[in-house]
Each structure stands twice: as C-alpha cells, then as structure tokens.
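Okay, everyone, let's get going. Here's the structure I wanted to show you today.

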Amino acid sequence: TFQDRADEVGAIIWPELDAELTALMRVSFEILRDHPINVKRKAEGKLAANCIWPWGPGKAMILDTFDALYGKKGSAVSAVPLVWGIAELCGVDTILSKAQLADHRDEQQPNGVLPDIIPTCGWGYGTDNGLDWTSTIAIIPWNLYLFYGDDEALRQCYPHIKRYVDYVGRISRGHLTTWGRGDWVPVTVGSNKELTSSVYYFVDTQILARAAKLFGYTADYEKYNQLANDIRKAINDKYLDTEKGIYASGTQTEQCVPLYWGIVPDEHKAKVAYNLNQKVIESGHHLDVGVLGCKALLNALCENGYTETAYKVAVQDTYPSWGWWVVNGATTLLENWKLDATRDISDNHMMFGEIGAWFYKGLGGIYPDSEKPGFKHIRLKPYFPKGLDTFSASHQSPYGQIVSGWTTKGKKVNYTVTIPAN
C-alpha cells in the first residue's frame, strides 16, 4: 500500500532530514493554514487535499517532492504554479525559491547549459536536459515576480536566462529545436518533441524580452522580442494546419500546449480549441497527456470556452485520471498514470500537479495581473460548473487575503469576494 511504502522508507530517512527539508515541511503547514480550498463534493475535496498536502501520511513522501524541488527540473517546470505559489497562488517561501535559483546559477555551464539535477554532483548534463526540463531558470523567477511583485530573483537570473536562450539559439535550426525529453510519461500517445521543445524556447525568450523591458534594457528587449516572434512564426509555419486547426498529428498535448503558451494566432484559436475539445470528448473526458500536456490541458480548455469539458476531466475517476489515483487509495500525486507501471513510479511526484492550480484558477478564478504584479491588481473570473454547488478558494497575497467563493441554487449564483485594500 502507499502507507506501507512510506513507512518502510521513512523509517530509514526520517532521522537524517536537514534544515532545507525541515523548511519544506514548515511550508506545507503554512500552505494548509493560509490557502484553504473548500469544496462540498467529497471527490474534489479529496483530490485538493492530495495536492496541498504533498507529504501525505508517510514520512517518505517528502523525498520525492524534495527531489523534484531541488532535483529533477522537469517536475519543477510542470509544477511551477503548484510549487511557487501552490497552484500559481499559494506561496511557497520565496527565500527557498531564491536559494534554489542560486543553485541554478551555480550549476550553469559557461555555454548556458543546465543539468537535470540541481544541485548536481556532475550528473545531468546529457543530451536531453533541454527546454522542457531546465526552463526553470526563466519560469521560476518570472513567477516569483508575477505572484509576489518581487523582481530580485528575475534581475539576478537575467544574464543566466540570456546565456541559456543564446545557447538554444546556437543549436537550433530555423528557430526550431528538439532539445528536451518531450511529453514525459504520457498515457498512450507520444507527441512531437520538436513542437513542444520549440514552444518552451519561445516561452523562455518571451520571458527574457519581458524582463529586458522591465529593467530598461532596450536593445535586448528589441532583440529578444523579435526572436520570440520569429520562433512563434517558425512553429506555426511548420506545425499548424491552418485549414484544419490542427498542430502536428493533433494529440491532446499538441493542441493544448500551443494554446496555453500563446503560440496560436488569434484567428486560429477557435478552431484549434474546438479540435482539442473534440479530442477530449472522444476520449470519454479522459486526459491522454504526459507532463507537458498535463500542465496545459485544463487551462487551454478553460481559457477558450470549454470549461465544462475541463471540469469533467478534472473530476473523472476512471483510468486515466487524477481521480483514478484517489479511488485506488493514493493520498498524494503520483508519477505515472498507470498504477501497475514498472518505472517512473514515485508515490509523491508533483509533475502532474496542475490539477491543484486549476482549483484556484479554473474554479476560484483568482489570477494576478502581469501589469500590476504581486496582486496589486487582482483578476477574478470564476467558473461555476454543473454539479458543483459550493466552492471557495483563499489566497494570502502580499497585500492581504483574497477569497473567491460561490454557491449555486438552480440558475442563481451567489458569488462572494474578499479583496485586500492596497
């Protein structure tokens, strides 16, 4: 059982927890205290608990979360919203995140390359430690700025992001790259690695351009903003069938990743989103994605008018789904959709953790405003799905508590909001 495995390993490692690990444990209690989710339906409440109680009932559960935070960067890329502000909202200690970014800067090679594992004893500088794994150098500091209004980490990492993006540019052909692992641990269908890696190349370059503008580096802004536009164009020229609205072969990942990360031209968004929605419906409202698609799927559906489909995927409890883990006794998030897998079988792994973010975004509708970061301005756009009549999400922002909650009865919605004075 999950508990047996936790107790067996935990008995060995528990006495050797160090200060950083203890700090992570403290953060978990702060998350539960300061960022509650209240859901009337039992299934959603249980799944939310799996997300925000990452160490579960067993001591060993902490190891894999620690490994993903301070080790396997692919997990961190996909779970930045869950970890750096659980669900892009609940704030993990910024000091902890800044310490991790200092490790990034220490481990970066002069040519810009980062390893899979940070800190590392030398392992992880292999051929696949690419954009979908090590874009943490850009995504983490940008999220710290977005959710806390703190630009210190972004400023410190700026030359390192620049070095990283420049390296990718040197190894890319026609603004496209295959550097990365692709949609890691998919359910059944693999997706085009050049497409997904190139999307992350775009994301990192866009963050670099935005940071350059923020810091007044005009020449860098013009250079990297143009490069981001060129990367987006190259992706669309090669992979988007404009007549059909399909990217590559049209898998869930190949449709949702370009939608979520801002690749799709405005005039084609409706068709691409429609095809994504149809793909999900055809699967019986089951996801068929790996780590990259999992990050994007619910968001791409909600942001393009298919929130009911997203909700049906989120509360699905047959294989493959998050709920399938829950009904089979999982008390945390797992590393594999298959319960009988023989590899990639961590019993506490954050890489499929976007479901935790979705409770705050898709249901609570709490978003920061990039123009006024740190929740100086607050964007609220909740969704009221059929079958869920009570919901509330709370976030302790730098300016005070934000609460977005609602109840429904028939066709009436009672929406209650609490926002801080700032």
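I'll go through the pocket, then a hairpin, then a surface patch.

This is a predicted model, where local features need pLDDT of at least 70, side-chain atom pairs count only at pLDDT 80 or more, and totals for chains, interfaces and linings use all residues. Residues are numbered from 1 along each chain as its sequence is written, and side-chain values use heavy atoms, with hydrogens and water left out.

So, the largest pocket: about 1300 Å³ of space lies in there. Of its 40 lining residues, the closest to the centre are Trp 142, Leu 146, Gln 206, Arg 210 and Ser 370. Elements giving two or more residues to that lining include α9 (136-148), α11 (193-215) and β6 (366-368). Which element gives the largest share of the lining? That's α11, with eight residues.

Next, the hairpin. Strands β9 (residues 400-409) and β10 (residues 412-418) pair in the antiparallel sense over seven bridges; to count as paired, two strands need at least two bridges in DSSP. Thr 408 sits opposite Val 413 in β10. Two residues lie between the strands, and Gly 410 in the turn has a positive phi of about 65 degrees.

Last, the surface. Leu 380, Val 417 and Ile 419 make a nonpolar patch of about 230 Å². Leu 380 belongs to strand β7 (residues 378-380).

Definitions and conventions: Patches are made of residues with over 30% relative accessible area and no salt bridge: like charges are joined within 9 Å, nonpolar side chains (Val, Leu, Ile, Met, Phe, Trp, Tyr) within 5 Å. Accessible areas come from the Shrake-Rupley method with a 1.4 Å probe; for residues, only the protein chains shown count as cover. A salt bridge is a side-chain nitrogen of Lys or Arg within 4 Å of a carboxyl oxygen of Asp or Glu. Helices (H or I, at least four residues) and strands (E, at least two) are DSSP runs, numbered from the N terminus. On a 1 Å grid over the protein atoms alone, a cavity is a set of points where a 1.4 Å probe fits but cannot get out, and a pocket is an open set with protein on both sides within 12 Å along at least five of seven lines; lining residues have an atom within 4 Å of a point. Grid points are joined across faces, edges and corners, and a volume is the space filled by probe spheres set on the points.
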